[in-house]
Amino acid sequence: MIEFKLPSLGADMDDGTLLEWKVGVGDTVTKGQVIAVVDTAKAAVDVECWTPGTVHELVAEVGQKMPVGTVMAILSESGEKVGACGTAAVSPAAPTARRMISPAARKHAEKRGIDLDAVVGSGPNGAVTLDDVENAAAQPAPVTAPKPAATPDKSAEMRKAIAAAMARSKREIPHYYVAEEISLAKALAWLQAENLRRPMAERLLPAAVLLKAVAVALAHYPELNGFFRDGSFAPAAKINLGVAISLRQGGLIAPALLDAGARNVTQIMQGLMDLVKRTRAGSLKSSEMSEATITVTNLGDQGSQLVFGVIYPPQVALVGFGRVAERPWGDAEGGLKALPVVTATLAADHRVSDGHRGALFLRELAELLQHPEELEGLEK
Amino acid sequence: MTRKLSYREAMREAMHEALTNDSRVFLMGEDVGRYGGTYAFSKGFLEEFGPERIRDTPLSELGFVGAGIGASLGGLRPIVEVMTVNFSLLALDQIVNSAALLRHMSGGQFSVPLVIRMCTGAGRQLAAQHSHSLEGWYAHIPGIKVLAPATIEDARGMLAPALADPDPVVIFEHCGLFNTEGELPDKWDVDISSAKVRREGKHVAFVTYGGSLPKALAAAETLAADGIEAEVLDLRVLRPLDTVAIAAAVAKCHRVVVVDENWKSGGLAAEVVARIMEHAFYELDAPVARVCAEEVPIPYAKHMEDAALPQPEKIVAAVKEMLG
């Protein structure tokens with residue numbers, strides 16, 4: 001028997017609410033198959049199964065809010081005979097520990113923005129009644145910050161999640177910062193030529209080239225790509241670029257462009273477009289939420305000249321790109337030209353790497369961007 | 001102005017008025033003539049209106065209810081009295097297969113403007129064959145209206161609109177109500193389509209009708225002493241049910257006890273609860289409770305009969321349990 005537990009879909013996730021089961025009891029599941037949809041503070045996420053097996057029991061109920069690590073389902077391994085070990089002469093379903101909350105109380109609590117978890121039930125068998133909600137609403141603000149009386153606000157939830165992750169980052173991670181100005185004259189010229197011969201739908205954005213260059217450079221700097229957990233650093237086998245995507249309603253999510261190292265520029269562009277679309281539609285997969293090994297923030301046309309980012313724990317580095325702008329640029333012959341330039345920055349965890357290595361990484365990134373045609377061909 | 005009247009007198013006045021005002025109206029049933037009615041509802045009618053319009057019938061519910069259907073098809077406005085709902089089962093075929101269906105089966109060509117009155121309910125030690133409450137069965141049938149007058153006003157006022165209705169109307173008179181007295185206003189506004197709030201409250205709503213109404217009101221009085229204000233909704237019309245009024249009572253009080261003398265299984269209270277689920281689920285603050293008859297044939301012995309029926313104490317107990 002395998003216990004399938006609610007995975008952490010990011011450092012800022014403490015709990016999740018089950019929205020939907022995608023499988024039923026008796027279904028055979030494969031590794032990577034989406035088996036449930038879970039609402040986190042940030043988005044509704046497709047949760048993937050990490051092991052093959054057969055669904056033996058769905059423990060979590062739709063609508064249930066549970067902490068990370070809660071057993072959601074019991075899977076039997078392939079070939080395992082349910083009941084053979086004696087435990088499983090299928091016992092009658094254990095009574096669920098669902099709290100009794102009257103429909104009227106639930107509706108009223110939602111309207112008033114009352115957290116039912118904090119309401120003590122006074123009805124028969126401890127059921128939460130309308131009066132209990134009324135009394136809770138009449139209470140002065142509890143010790144924790146009171147919620148606004150309006151309906152629970154998704155963007156406020158997200159702000160809380162971001163606050164928790166960023167506070168943890170600045171509390172725990174000794175950041176160092178390095179910056180490098182990089183001429184994009186060649187990269188953009190290559191992009192322009194490349195786009196001329198591509199159909200509209202397949203054209204590339206500068207971001208795809210930048211991401212590809214980051215992935216290639218990272219291959220030589222494993223100390224920037226991985227997780228710092230429980231006092232030690234573990235480099236990641238793959239390069240999963242967390243791409244910071246701002247949401248129209250405010251807030252941001254940094255889902256992972258999985259295995260970016262193995263993709264060429266065209267594939268990165270496709271992956272990026274897909275990711276942006278699904279992030280804004282709220283249909284990310286759990287692996288995309290939890291498996292980014294480094295984050296890249298790209299301010300784009302509307303951004304400022306440079307950005308020093310806050311690392312998203314347990315990652316150990318964040319690469320930032322400012323706005324691409326025409327700037328004076330001295331060439332090897334002593335001449336001065338106006339060229340498109342971007343300032344690349346690195347915020348990295350000093351527990352894992354040092355500024356010197358960080359600077360070398362940015363230098364390599366700059367060099368790679370001077371040979372864009374090779375980037376497209378480079379697999380790793 | 002009001003005047004004091006018994007349920008029996010109110011019903012007698014209503015029939016007297018109908019017989020006086022409309023020559024198409026006649027009364028037919030067992031012992032309605034020479035004996036003056038099993039419950040003395042038609043005392044003196046035979047002498048006043050004559051044997052053509054006050055007709056004693058043989059002990060054959062199937063026959064005389066069928067004759068009533070025929071008379072109504074022929075243009076008359078019969079009032080057919082069946083002694084108790086238990087005996088009406090002999091006439092079920094006429095009521096369910098003929099009276100309720102003829103408009104439908106004739107494509108709207110025939111109306112059956114028939115009124116059938118019958119006694120229902122227990123509480124007078126008449127034993128199982130005279131004490132059951134089967135009005136819920138009739139409320140199951142499309143094509144008829146089912147009324148349950150529980151107040152003096154309704155006893156006096158429901159017959160006229162029932163006779164004016166183009167379709168069959170079955171009126172259930174609870175035997176425990178006949179001697180109750182109440183004030184009847186000079187003018188009344190009685191319909192045969194809506195439920196009525198008989199007592200305003202806010203903590204719990206009793207949905208009830210007929211013989212259970214006085215019990216629900218008594219329970220509400222007891223609860224008021226404890227500061228619990230019970231609303232009492234008198235259904236009055238069992239078919240079609242006034243779903244809007246039921247949902248409104250739920251929305252106001254959020255707790256409901258359905259009180260009736262049917263058995264719970266497949267009974268009218270079950271239908272009321274189902275409608276609450278369909279229309280007012282999110283207003284509920286507690287599971288709906290039912291206080292109904294025990295699932296036994298109604299006993300003859302007084303103490304056992306009392307124990308088998310809804311009583312104010314049982315209603316109060318249900319409320320206390322609900323409030324925790």
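Because the model is predicted, local features need pLDDT of at least 70 and side-chain atom pairs count only at pLDDT 80 or more, while totals for chains, interfaces and linings use all residues. Residues are numbered from 1 along each chain as its sequence is written, and chains are lettered from A and ligands numbered from 1 in the order in which they are written.

Start with the overall make-up. Chain A has nine helices and 20 strands, and chain B has 14 helices and 14 strands; helices (H or I, at least four residues) and strands (E, at least two) are DSSP runs, numbered from the N terminus. Burial comes to 35% of the 380 residues in chain A and 51% of the 324 residues in chain B. Here a residue is buried if 20 or more other C-beta atoms lie within 10 Å of its own, exposed if 12 or fewer, and partly exposed in between, with C-beta atoms placed from the backbone. Contacts, meaning pairs of residues whose C-beta atoms, placed from the backbone, lie within 7 Å, were also sorted by separation in sequence. In chain A, 62% of the contacts between residues at least 6 apart join residues at least 24 apart. For chain B, residues 24 or more positions apart account for 78% of the contacts with a separation of 6 or more.

The two chains touch each other through ten residues of chain A and nine of chain B. On the chain B side, those residues split into four nonpolar, two polar and three charged. In this scheme Ala, Val, Leu, Ile, Met, Phe, Trp, Tyr, Cys and Pro count as nonpolar, Asp, Glu, Lys and Arg as charged, and the others, Gly among them, as polar.

Next come two helix pairs in chain A. Two packed helices are described by the angle between their axes and the distance between the axes. Axes are lines fitted to C-alpha atoms, for helices over the stretch in contact, and angles run from 0 to 180 degrees between N-to-C directions. Helix 1 (residues 103-112) and helix 2 (residues 130-138) of chain A pack at about 20°, with axes 8 Å apart. That makes helix 1 of chain A roughly parallel to helix 2 of chain A, since angles under 35 degrees count as roughly parallel, over 145 as roughly antiparallel, 65 to 115 as roughly perpendicular and the rest as oblique. Helix 1 of chain A brings A:A104, A:A105, A:H108, A:A109 and A:R112 up against A:L130, A:D132, A:V133 and A:A137 of helix 2 of chain A. By class, this contact has six nonpolar, one polar and two charged residues.

In the other pair, helix 5 (residues 206-218) and helix 6 (residues 265-281) of chain A cross at roughly 115°, their axes coming within 9 Å. The crossing is right-handed; a crossing is left-handed if the near helix is turned anticlockwise from the far one by less than a right angle, and right-handed if clockwise. Here A:A207, A:A208, A:V209, A:L211 and A:K212 from helix 5 of chain A meet A:V265, A:I268, A:M269 and A:L272 from helix 6 of chain A. This contact has eight nonpolar, no polar and one charged residues.

Helix 6 of chain A also holds A:G271, which is buried, with 20 other C-beta atoms within 10 Å. Leaving aside neighbours within four places in sequence, A:G271 is in contact with A:L257 and A:R263.

As for nonpolar cores (sets of buried Ala, Val, Leu, Ile, Met, Phe, Trp, Tyr and Cys residues joined through C-beta atoms within 7 Å), the largest has 116 residues, of which B:L147, B:F206, B:V207, B:V257 and B:I315 touch the most other members. Helix 1 (residues 7-21) of chain B gives the most to this core, with seven residues. Beyond four places in sequence, the contacts of B:V257 include B:V204, B:F206, B:A289 and B:I315. A second, separate core of 75 residues includes A:A36, A:I239, A:A260 and A:A344.

The peptide bond from A:P313 to A:P314 is cis, with omega near 5°, and A:P314 sits in the loop between strand 17 (294-298) and strand 18 (317-321) of chain A. In chain B, the bond from B:R239 to B:P240 is cis, with omega near -5°. Two residues have positive phi without being glycine: A:D259, at about 50°, and B:R236, at about 65°. A:D259 counts as partly exposed, with 16 C-beta neighbours inside 10 Å, whereas B:R236 is buried, with 25 other C-beta atoms within 10 Å.
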